[in-house]
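Me: I am new to this structure and would like a close look at a single part: the place where the two chains meet. Could you walk me through it?

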Amino acid sequence: MLVAKVDNALRLSAVDRKATSLGLAIGQPLANARAMLPDLKVVATNDPADMKLLTQIADWCDRFTPYVALDGPRHLLLDVTGVAHLFGGEQAMLDRIRKSLQVQGFALRGALAGTAVAARALACYRDGTAIASGEEEQAVRPLPVEALNLGAVTTHALRRAGLKTVGQVASRKRSELVARLGAATLAILDEALGATAKPITPRRPPPDYWQEENFAEPVATEELIRATLNSLTSTLAKTLEQQGQGARRLEAVFFRADGAVRRIAIEMGAPTREPAIIDRLFREKLETLADPLDPGFGFDLIRLCVIRVEPITSEGVDFDAATNAQSEISFLIDRLTARFGSHRILSFQPNDTHIPEEAWVAIPAQHARPSKLSWRKMQKEKDAPRRPPRLFKKPELVDFTTLQHFTWRKARRIVTQCEGPERIAMEWWQHETRQPPRDYFRVEDGEGRRYWLYCRGIPSQWFLHGVFA
Amino acid sequence: MKNLDKTVCTPEQTLCMSGPPSDICPRRLKNLETLKVLFNKPEFKQSSTRTPLGHGDIDFCLKGGIQHGVLHEVFAVTGHEASATGFVAGLAARVAADKPLLWIRPDFSAQEFGELSPIGLLELGLDPIRIFLLGVANASDGLRAAKDALSCGALGAVVIEISGNPKILDLLASRRLTLAASQKSVTAFLLRFGAQPGASAAETRWLVRGSASQAQGEDWGHPVFKVELVRNRHGKTGLWFMEWNCDGRIFQSSTADHSAVVSASAN
């Protein structure tokens, strides 16, 4: 027995079979139910946990079709267009899904129809039916108006008007319905009757290409998993080649026999369809997973999806050395990305500002494209560097009270040379509160170390920003 | 890793391995370059390409310049980490020329010694477009990545920053790096901060600290390093003052030449 707070009152939100037989119903206030049955066992609703469970079931459903959508708090929609024949027809597929979920301990209702709304209505009132596309009208007409799931207000209005079944609603004039209920309601009605069909919104972007392998006996050994991935890759590569496409992002989905689903994605800097490269990247990724792939009792389905494709422009073997070098580098970057993550391998791009720490951005090398800006030196010809090669992200406070020496990291450094100031004003249009300008000095100590210090504000505070070579 | 050990073997073994029933990775046997390496064991053949640094005495000691396709170790004197960074940047710029450069640095290093600044490196004479930065969590990740990167022949050089003396960086690890470097002739530089020199297979070992500039006032002068070549497998060692010319991208002897070659026999 579940209870939830609805309209500021505790009402029953879910009841089990035994409670139903004793006369309890969803929507009843808890106080009434308690009055009827004093020793009622009540549990508070946990919506996030319900949602999580539904998501897990949706993950499990991914094995039947990649088009799985969450619908409301309790429904799942599966678009099985073009896949039902793999499971022996629509009725057989529906029976199989229902049976597998019942075996796992879920109580469920399911139906299959040509449109999402019709399928949902049938699932609630005609559990287990699968009807062919075009027969929705006949099947849905006798159902009560609640089956349309129009919301409490509209349903109530229809009942008050004496329209108790979907068929009765549909028999009214369309203009009347639009005037009374709005065009959106009419669209739902049309969909329920199979007149129009709206595509569902899948949870994940559907892959452009995919290839899968089913196992009668779950596989658990690493060699077998690797060999499967290998064969899937080569099959996909052939398809991609026919289409003149290359993959930028690939995902391997492992469906465990006990329902758990694990997804592993790799990404490439340039479109590729070379099975050897894809294989190598998956190996790198699988080797370095923080929580390794746990086969448990084995995987019964392995699927390889191409999530993002791009056309490959240059065809065939390239004899140009520069292009080869470029592709070698991008393969290295892909490997390092697969191993360490794309935020780890960076390349630099100039940024149009004179603030020293913001003069560049480090972006994932895999996504780097040539920048329109060019790098600008601050130093003149034959001059010493004016910017240090090592810069602290957060400038460190130093004690610089006398001109002879300063203290940084608890060590006193004697100043032998000092050059400056170079004034850098802060960008007033970037910050709401005005930042004081910085006066930068290059300072050398007795041991030949060169520091980059700045002072700021009144009374002035000294910071060490970087160290020169 | 096992395969790497196996390449260190005698020629007789090599011949057996090149037959069809071999347990060595077939990918490795594929190219002629690898076979060459296999045949020239026990001391596998090293590429003899050298780039002169520009400093006459040092180039003489190095038999013509810094060698490609081997491992070089640069130790920073404590407190002179930025100088060592500049020195390695100079070496890498000389060796890599127009090829890209991979710089591997642990996250800790960016906190402690400052993040690498592309503007600063640009002013030293390196093109930021050709620098890739890999941040790693620890030394073992860094070494693994380095070994992988050295197998990419399109790279000019790989710089691996390591702070302290991690256990993982032992003689074996440095041998592996040397071997990986020799395969595609990509030069590896180990940049060591706060470390004590230990046993290693490095070709050269340098001890670097900054040195006071001779110029006064506004003209600040190019970076000057006090460099001690403490180990050189194929030549003499010594102590020099070097200046890095940012415009010419070349080392030169410091204007106030207080250098004196301290000759010692090669080990």
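Reply: Happy to! Two residues are in contact if their C-beta atoms, placed from the backbone, lie within 7 Å. By that rule, 44 residues of chain A are in contact with 45 residues of chain B. Please keep in mind that this is a predicted model, in which local features need pLDDT of at least 70, side-chain atom pairs count only at pLDDT 80 or more, and totals for chains, interfaces and linings use all residues. Residues are numbered from 1 along each chain as its sequence is written, while chains are lettered from A and ligands numbered from 1 in the order in which they are written.

Let's start on the side of chain A. Helices (H or I, at least four residues) and strands (E, at least two) are DSSP runs, numbered from the N terminus. Among the elements that give two or more residues to the side touching chain B are α13 (321–340), β10 (345–350) and β12 of chain A. The most comes from α13(A), with seven residues. Sorted by type, this side of chain A has 23 nonpolar, five polar and 16 charged residues. Here Ala, Val, Leu, Ile, Met, Phe, Trp, Tyr, Cys and Pro count as nonpolar, Asp, Glu, Lys and Arg as charged, and the others, Gly among them, as polar.

Now for the strands that link the chains. Two strands pair if DSSP finds at least two bridges between them. Strand β12 of chain A, residues 390–398, runs antiparallel to β5(B) and is joined to it by two bridges. Within this pair, Arg390(A) has Leu116(B) as its bridge partner.

That link belongs to an open sheet of seven strands with antiparallel pairing, in the order β13(A)-β14(A)-β15(A)-β16(A)-β17(A)-β12(A)-β5(B). At its edges are β13 (405–408) of chain A and β5 (115–116) of chain B, each of which pairs on one side only.

There is also a pairing between β10(A) and β6 of chain B (residues 131–136), antiparallel and with three bridges. In it, Ile345(A) stands opposite Leu134(B).

Finally, a word on confidence. For the complex, the predictor gives an ipTM of 0.79 and a pTM of 0.77. Chain B has a mean pLDDT (the predictor's confidence in each residue, from 0 to 100) of 81, and 76% of its residues reach 70 or more. Over residues 1–25 of chain B, however, the pLDDT is below 50, and it stays under 50 over residues 259–267 of chain B as well.
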